[in-house]
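Here is a short report for a reader new to this structure.

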Amino acid sequence: MPLRIPLRAFKSGSFRLSVWYSGFFISCSVLILIMTHYFLSYTLLRVDKTAIAAELGRLTTEYNFRGLPSLQRELAENKNTYRGKNPFFVRIADISNRTLYILYPELWKEFDLSLLGTNPITNGRWTYLPTMDEDFELLLLSRRLHDGRWLQLGRSSEVRDLALDQFFELFFIIIPPLVLMGVAGGTFLAARTMKPIQNMIHTVQSIVNGNYDARVPCTGSRDELNELANLFNEMAERIHALITGMKESIDNVAHELRTPMTRLRNTCEMALQADKDVDLYREALADCIEESDRILKMLTTLMDISEAETGVMKLDQKTVTLSSLLTGLTDMYQYIAEEKGVALAIHVPEALYIMVDPDRMTQVLANILDNAIKYTPSRGRVTIETKHSDGRWVITSADTGVGISPKDLPKIWDRLYRGDDSRSTKGLGLGLSFVKAIVHAHQGTIDVVSTPGKGSTFTISLPSNS
Ligand code: ADP
């Protein structure tokens, strides 16, 4: 069965990356080999030229001092240099460039040496004489002797070319493993690089298919892709929290709206069915307004809680004194407390600076104070105090009220939860959910300690710089 690779695989980023890497690696390797070949050929030529020039200098001195017979003897004795592995070619010509003496190995018959007599001869210049089939060339250097004759010395390119040919063969032996290494390296690199992106694609696909808990696996390394994965997870987490918060809010609203809406409808219906009595109509309309206000307040508070919990709420943070936040509240709650026969004491130093959203924090303090007075019977006491502890501002509200039962204690922070004993009092059951969400949005914490029948102490802790 023929192996079928989907066309998509060839268009994938991994495939392209692997082709790019392999191509680049192979091209670089071939370029390095070509450059090495060039430098090897250049170096071998230089070695030959240096050797020829040195030997020519030596023979010229020999000739100039001892004459031609002595030179011939010398050449005959040095068989290794003139007939060995990489021999020199030697020619002595008269003033008219006619050959007087010539020495070269038998094998060099392929060179058309007769051309040497016809070609112009120049002192100290490199010339080349090719073989008849132009496979090799003879590299020659000429020098004029003291009596006007010419001494020519040269070497065939055969040894050099042979060394280069061997390198070339090596070249072809090296290329296949190089290509294999390039492809393997490219595939490995592409797989490694694309893995986090593929993980991200799978995660997005999972989320699209409804699995909102899916997250991209992170390696813990500090590279950009891991950072992107972390950011992606953070974003998914926030969106998830946002969706959950909105869903919860909608569920709560749908559930909680049923009763006031029914009440609203019944009030209108009863007013319609009653006799034409203006006072009754007025009373019904006033009830409707009150109920509508309650619903509006509930909706606004629910939206605020959701925004604060999901981090969407924009806090307009400023440095203010805590006493300035309480100023407006003190008068109002002092009056309510007095009415109820509750003693209210607020001990807040003048110069206690905190960085908060003043409007939101005032709402927080109002809710806490309101609850404390509301759930404290007459002759009770409510005390607000502050202290600085472990780099945080701690605000406590202690009352000697009804307290909260251990059963209710964990639930009081839930939206729309009201303790069994509180049903008779006015309230939406949203105050503490709002307080907690706003305090958390300021990077603070809120706790409660309560003993039924004795009272409750709420403790808000905010960072000093908040
Ligand atoms: P609400 O006061 O409108 O009922 P909250 O969210 O403010 O709603 O409070 C939730 C519940 O927590 C209340 O119903 C009440 O049972 C309890 N609670 C809050 N503050 C106090 C307090 N200071 N003393 C006793 N119970 C309290």
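Aspartate 390 is exposed, at 78% relative accessibility (exposed means over 50% relative accessible area, buried under 20%, with a 1.4 Å probe and protein chains only). Aspartate 390 sits in the loop between strand 9 (381-389) and strand 10 (392-399) (strands are DSSP E runs of at least two residues, helices H or I runs of at least four, numbered from the N terminus). Its phi is positive, about 50 degrees, yet it is not a glycine. Most residues other than glycine have a negative phi.

Asparagine 97 also has a positive phi, about 65 degrees, and is not a glycine. It lies in the loop between strand 1 (88-93) and strand 2 (99-103). Asparagine 97 is buried, with a relative accessible area of 7%.

## Basis of the model

The model is predicted: local features need pLDDT of at least 70, side-chain atom pairs need 80 or more, and totals for chains, interfaces and linings use all residues. Residues count from 1 along each chain as its sequence is written, and side-chain values use heavy atoms, without hydrogens or water.

## The ligand site

The ligand is surrounded by 20 residues (a heavy atom within 4 Å). The closest are Asn371, Tyr375, Arg418, Ser422 and Leu432. Helix 10 gives the most to this shell, with 3 residues.

A polar backbone atom of glycine 429 is 3.0 Å from a ligand oxygen (a polar contact is a pair of N or O atoms within 3.5 Å). For glycine 431, a backbone N or O atom lies 3.2 Å from a ligand oxygen.

Note on methods: Polar contact = N/O pair within 3.5 Å; in protein donor to acceptor, adjacent residues only side chain to side chain.
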